[in-house]
Amino acid sequence: MDVLSLEQTSGRRRRVQLLDADLPDEGVESGAELRRTTSWAPGAERPVVQVLGRQPALMTFQGQWTTQGSNYEILTLIRTVEAILAEARPVRLLWGDRWERVGLVVRFVPSWLDADRCDWTLEYEPHATEQLTNAALRRRARMPRVDVSAAAAALGAVAAAELITLRQVALAGWISGIDP
Amino acid sequence: MSGRKTYHYPRTVVVLQVSLLAPTGELTEIDVTTIPISVEWTRNDINEADEASIVVDWSEVPLDPRAVSDCRVVIYCADVGSEDRALSIADEAAARFIGFVDEPEVSFDESGETVTLACRDYTGRLIDTKWRGGSIRVDRPLSEVYRELLAEAPPYVGTELRIEDDRAVAGVTGRKLWTPPSGVSVWDCLVGLAKELGQTARWELGTLVVATPTTPSAADARLVVYGDQVERMTLRRSLNPVANKRIVFRALDTSSRKVVEGQWPATSEGVKRDEVAYSLPAGDWSPKTLVDRAKHVYTTWMRRQVQGSFDTVAMSDLDSADLVSLASGDQVYLQARSYDPARVLGKSRGELASYLRDHGLAPTTANALASAWVGSEDLASLFYVVRARHSWSRDAGYKLAADIGNVIGVS
């Protein structure tokens with residue numbers, strides 16, 4: 001299941017998890033830049049280069065939240081992201097098993113098209129890149145302790161075959177009230 | 001093509017040893033290691049304290065000047081050689097400056113919040129501290145006298161000393177007491193006592209080194225070239241030299257074990273002049289020999305005193321010798337070249353003369369100018385560093401700006 005998660009690493013640990021129609025549009029770039037100074041002294045055949053270090057590039061996400069297609073109230077999403085930006089605490093960005101970043105949400109612009117549709121742009125400045133190690137992947141794949149009975153009570157009678165699905169969904173944090 | 005390095009990886013770390021003052025008067029000592037926003041340190045000659053300025057981010061080191069009782073700093077800077085290496089404070093060769101903060105300052109504005117620390121090396125507070133002890137008993141080892149003087153300034157108690165000739169000054173002067181002029185500083189006393197034994201006193205980071213001066217070797221000179229890694233170079237010579245500085249040479253005569261002196265012009269001429277004093281290495285010296293040398297330097301100086309400067313962002317010279325350690329007194333070969341034949345610097349003597357004739361100069365004038373330019377480096381290409389200013393910042397990396405003077409041979 002493809003899930004884009006933004007979670008504060010401290011404080012109230014606010015979290016936004018986007019999946020399905022809430023996910024950003026395609027074209028998200030994740031790159032890096034090598035900071036350096038290159039000085040060509042007059043008459044020199046080759047420059048003096050000072051390598052200052054690798055800097056992850058700013059990541060820009062754009063998408064559209066709609067009343068019908070979203071898994072959340074649009075306003076809930078907007079207010080949560082705005083709070084994450086305002087509190088300026090480090091935010092862990094996790095997208096499936098692609099990569100994990102720690103950085104800051106530095107810009108968020110919701111743009112209402114009408115009462116049911118809102119375009120949004122979010123800029124995330126990564127400060128550390130962490131490749132998910134095999135151990136980390138195994139941790140994330142471990143079945144969580146899910147109170148299935150509580151989930152069943154919330155959703156009504158559930159067939160046994162659907163319990164596994166519930167656990168997967170709980171891992172993604174999609175079901176509110178169940179924290180894997 | 002020269003063999004110099006193209007790629008440098010400049011990294012800097014500073015260590016702050018802060019004494020924090022609580023409203024109750026209680027002091028708390030803390031150590032903070034941080035990467036500054038920018039740092040600059042200047043290696044001055046031995047008569048002046050080295051200086052430094054460190055700017056750190058307030059959000060990383062929230063030092064309020066009102067709470068700072070004292071602060072010692074250490075600056076580390078080096079080319080770490082590759083992107084995946086970090087600079088460690090365990091790397092003693094990377095330590096470039098140790099000193100005390102004279103003035104901490106915080107600045108808050110829309111561009112950010114920073115703490116700026118203006119510092120001087122260990123010479124600074126010794127210059128500021130007046131000697132109030134009157135005459136000094138010198139019929140004991142020099143190290144013992146030094147420890148008594150350093151005790152006048154509390155941070156220096158326990159300072160590491162390295163003294164080459166630790167004899168008693170009384171053995172040279174013949175007097176048990178040494179009386180400094182009134183109003184001098186503790187540093188003046190330390191330097192004056194060292195001179196009595198033909199030695200100089202200087203700080204090598206945290207160690208006070210007292211030793212006889214050595215003859216600088218041109219073999220150790222760095223090689224920097226405008227046309228390769230030097231971005232800016234200036235040379236100037238005063239055509240109206242005012243011979244108003246008396247030259248004084250002092251040296252320890254190894255035969256008599258006494259310090260002898262020679263000067264030119266002699267004081268008997270009755271003309272009051274500023275003097276420039278040099279300490280020579282210990283050897284077989286006599287007053288007459290030193291007078292001859294002083295006279296040679298005095299007359300030569302009027303003809304050939306050249307001063308200048310150069311800027312570079314390279315961290316090593318053409319032979320990969322470290323430039324980050326460049327200090328006052330070090331020697332450099334400074335040349336101007338170009339690999340581009342379209343530039344004047346890239347032409348041979350014949351090509352330059354032809355170029356000047358093509359631009360309207362008479363043949364004799366063009367030939368004279370071309371010969372003078374090509375031959376000028378025979379007049380002065382070896383320089384000593386008067387002052388070396390090193391700087392580093394997170395955004396711009398490392399830079400060196402040096403003031404130089406030409407080396408005048410005395411043989």
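Visitor: What makes Tyr156(B) count as buried or exposed?

Guide: Keep in mind that this is a predicted model. Tyr156(B) has a relative accessibility of 1%, and buried means under 20%, so Tyr156(B) counts as buried.

Visitor: And how do you know whether Phe100(B) is buried?

Guide: The cut-off is again under 20%. Phe100(B) comes in at 7%, so it counts as buried too.

Visitor: Why is the aromatic pair of Phe100(B) and Tyr156(B) called edge-to-face?

Guide: Rings pair if their centres lie within 6.5 Å, and planes over 60 degrees apart count as edge-to-face. Here the centres are 5.9 Å apart and the planes make 75°, so the pair is edge-to-face. Phe100(B) sits in strand E7 of chain B, while Tyr156(B) is in the loop between helix H2 (142-150) and strand E10 (160-163), so the pair ties together parts 56 residues apart in sequence. Both rings also belong to one aromatic cluster with Tyr122(B) and Trp203(B).

Visitor: How many aromatic pairs does the structure hold over all chains?

Guide: Nine. One of them is Trp58(B) with Phe108(B), whose ring centres are 5.0 Å apart with planes at 75°, so that pair is edge-to-face as well. Trp58(B) lies in the loop between strands E5 (51-57) and E6 (68-79) of chain B and Phe108(B) in strand E7 (residues 95-109), so this pair links parts that are 50 residues apart in sequence.

Visitor: What makes Phe108(B) buried, partly exposed or exposed?

Guide: The value is 48% relative accessible area. Buried would need under 20% and exposed over 50%, so Phe108(B) ends up as partly exposed.

Visitor: How do you know how much of H4(B) is covered?

Guide: Eight of its eleven residues are buried, hence "mostly covered". Among them are Trp187(B) and Gly192(B). The cover includes helix H1 (123-128), H2 and strands E9 (136-137), E11 (177-178), E12 (200-204) and E13 (207-211) of chain B. After H4(B) comes Gly198(B), with a positive phi near 70°.

Visitor: Now chain A. Why is strand E1 of chain A described as largely enclosed?

Guide: Five of the six residues of E1(A), residues 3-8, are buried, so the rest of the structure largely encloses this strand.

Visitor: What makes E1(A) and E2(A) a strand pair?

Guide: Pairing takes at least two bridges, and five join E1(A) to E2(A), residues 15-19, so they pair, running antiparallel. Ser5(A) stands opposite Gln17(A). Six residues lie between the strands of this hairpin, in which Gly11(A) takes a positive phi near 70°.

Visitor: How many bridges does E1(A) have with strand E6(A)?

Guide: Five, again in the antiparallel sense, with E6(A) spanning residues 91-95. There, Glu7(A) has Arg92(A) as its bridge partner.

Methods. Residues numbered from 1 in each chain as written. Chains lettered and ligands numbered in written order. Predicted model: local features only at pLDDT ≥ 70, side-chain atom pairs only at ≥ 80, totals over all residues. Heavy atoms only, no water. Buried < 20%, exposed > 50% of the residue type's maximum accessible area, 1.4 Å probe, protein only. Helix = DSSP H or I, 4+ residues; strand = E, 2+ residues; numbered from the N terminus. Phe/Tyr/Trp six-rings, centres within 6.5 Å; stacked < 30°, edge-to-face > 60°. Contact = heavy atoms within 4.5 Å.
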